[in-house]
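Please look over the model below before reading the points. The notes cover the core, the chain contact and the salt bridges.

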Amino acid sequence: MKLVIDAERCAGHARCNAVGGANLFPLNDDGYIGITELDVPPGQEALARRGARACPERVITILDDPDAEG
Amino acid sequence: MSEQASHTYAPPPAGLPGLSSERKIPTHVPEGLVFDPPFEVANALTDPFSLNKKTYEELPPVFWWPRARPGRFDGTWVVTHYDDIRNVYQKEELYSTEGTANFQSLVGETWPMLPIAVDPPEHGKYRILLNPWFSPKAVAAMETNIRTTINDLIDGFQDKGEVDVAYDFGRVYPVRVFLDLMGFPQEKLDEFLDWGYSILHSRYKIEKIQYGVSSALVFLRDFIAKARENPVEGLASYIVHGKIEGRALTDDEVIGMVFFLWVAGLDTVAANTTLMMRRLALEPEIQATLRAKPELIPDAVEEFLRVQPVVNSSRLVKEDHEVRGVQIKKGDHILCYNIAGNFDDEEFDNPWELRFDRPSNRHFSLAGGPHRCLGSHLARRELRIALGEFLRRIPTFSLKPGVDHTVTPGLVATPHLHLVWDPKQKP
């Protein structure tokens, strides 16, 4: 599973970081998302999904989700 | 609890105070889209925001509110649905923050509040100066100080079995934290509280508001002048010596930032604290849940932020366009009605239920887009610590019998709210 992040549109809510943790969602010194993509380590999929879903700006897209419907 | 919320959802009758001839409804506003929602109507309901339930359910998703309140602004468009609100926050090319939080104009000042009242890309130049001071990491470093501040206040009333949680707690601790953050002396606390109270709780007494604003500006200008000569610790002095694009800030830019930081942090956390404690006092089962599982507190704060949005941001429309087929004109205002959008059932399951286990909670109580509340992480941490320490040290509390618990569901919730408990009981 992979996450793609539109960091340009990140507004610094840092909800991904609060919900999904700093390992998956590291922030820069300004408190905005520090990465633009992430290969989700095996076993961390649920946490990554929660972190992605927490973003009010919806800038985090999930690709190749093994549990995705359809 | 069998409380009946009632409000008429009819267009405001002609001749309402505030609807003077200068405030005619613009000709491009269709007659059927004019409504008067129950915005900031004082009430004694358990959930004081529930008066707005029908605003989302029964009014059109885009309507014109003539702001039929004495002495309040001109009319504005209102969007009540979550997706439309997100759109307004995110599309800075269509919606401007120009003129936001213009308290300083009451005393004849012409500089803008910074960074809130300027649009991108200008906005970003100011914002990057301040962001590192308000990041989750920077705010985490303030944890001990905030905790000490809050516990000092609780020390003062724990054994009394009673506190005015609005006046002697919610009003005070954010200002103490602010003084430390800015590098202002704690000896100024009483004066800052007095100025803030004059601005926020003076209703329509314009002289009192002017007194609060101008007194604060006198202090801030003096502090800024001294810090220019001799830099000191803290954010205020950092701003004084800050640079954008390689140049020093002007006096107006410095005062615009420092004054805005004070105004922005003054009332929001206080109102949220008071409303949160009131809800806990009226529903002791929520206290029991959080006492048994304090690990729920961060999610509880998030949910309280959702169900008691004290800020509904307004934007100035930059270009003619349509929202859901409704013609919006350049120069109109548009209000992000979080008190409806945070209860949009397309986004939130059972939106009127207070739940600490929501799978996601993407409310816009702290706004969104480029102007996302700069102090959001500080506010969250303050609320978490206040709630956690209060529950840790104060046993089951309730509203003081016989005392009025009417609140206004908004930024200026109430000046007083008396709580009582048995000091012999263990929390």
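Which residues does Phe169(B) touch, not counting residues up to four places away in sequence? Point 2 takes this up.

1. Basis. This is a predicted model, in which local features need pLDDT of at least 70 and side-chain atom pairs count only at pLDDT 80 or more, while totals for chains, interfaces and linings use all residues. Residues are numbered from 1 along each chain as its sequence is written, chains are lettered from A and ligands numbered from 1 in the order in which they are written, and side-chain values use heavy atoms, with hydrogens and water left out.

2. Core. Phe169(B) touches Ile150(B), Leu153(B), Ile154(B), Phe157(B), Asp164(B), Pro174(B), Thr273(B), Met277(B), Ala386(B) and Phe390(B), residues up to four places away in sequence not being counted; contact means heavy atoms within 4.5 Å. Of the 94 residues in the largest nonpolar core, Phe169(B) and Phe184(B) touch the most other members. H11(B) gives the largest share of this core, 16 residues. A second, separate core has 22 residues, among them Val79(B), Leu94(B), Val317(B) and Ile328(B). A nonpolar core here is a set of buried Ala, Val, Leu, Ile, Met, Phe, Trp, Tyr and Cys residues joined through side-chain atoms within 4.5 Å. Buried means under 20% relative accessible area, exposed over 50%, and partly exposed in between (1.4 Å probe, protein chains only).

3. Thr149(B). This residue is in helix H5 (residues 143–157) of chain B; helices (H or I, at least four residues) and strands (E, at least two) are DSSP runs, numbered from the N terminus. Thr149(B) is buried, at a relative accessible area of 7%. Neighbours within four places in sequence aside, Thr149(B) is in contact with Tyr173(B), Arg176(B) and Val177(B).

4. Chain contact. Chain B contributes 23 residues and chain A 17 residues. The two chains bury about 1600 Å² between them, 40% of it on carbon and sulfur atoms; buried area is the accessible area (1.4 Å probe) that two parts lose on being put together, summed over both.

5. Salt bridges between chains. Chain B and chain A share two salt bridges, each a side-chain nitrogen of Lys or Arg within 4 Å of a carboxyl oxygen of Asp or Glu. Arg15(A) pairs with Glu302(B), the closest N and O atoms being 3.6 Å apart. Arg58(A) pairs with Glu347(B) at 2.9 Å between the closest N and O atoms. This second pair runs from the loop between helix H2 (45–53) and strand S3 (60–63) of chain A to the loop between helix H14 (338–341) and H15 of chain B. Arg58(A) is partly exposed, with a relative accessible area of 29%, whereas Glu347(B) is buried at 16%.

6. Salt bridges within chain B. Arg228(B) and Asp251(B) form a salt bridge, their closest N and O atoms 2.7 Å apart. Arg228(B) lies in helix H9 (residues 206–229) and Asp251(B) in helix H11 (residues 251–282), so the pair ties together parts 23 residues apart in sequence. Glu303(B) and Arg358(B) form another, at 3.0 Å between the closest N and O atoms. Glu303(B) is in helix H13 (residues 297–307) and Arg358(B) in the loop between H14 and H15, 55 residues apart. Both Glu303(B) and Arg358(B) are buried. A network of salt bridges links Glu143(B), Arg147(B), Arg381(B), Glu389(B) and Arg392(B).
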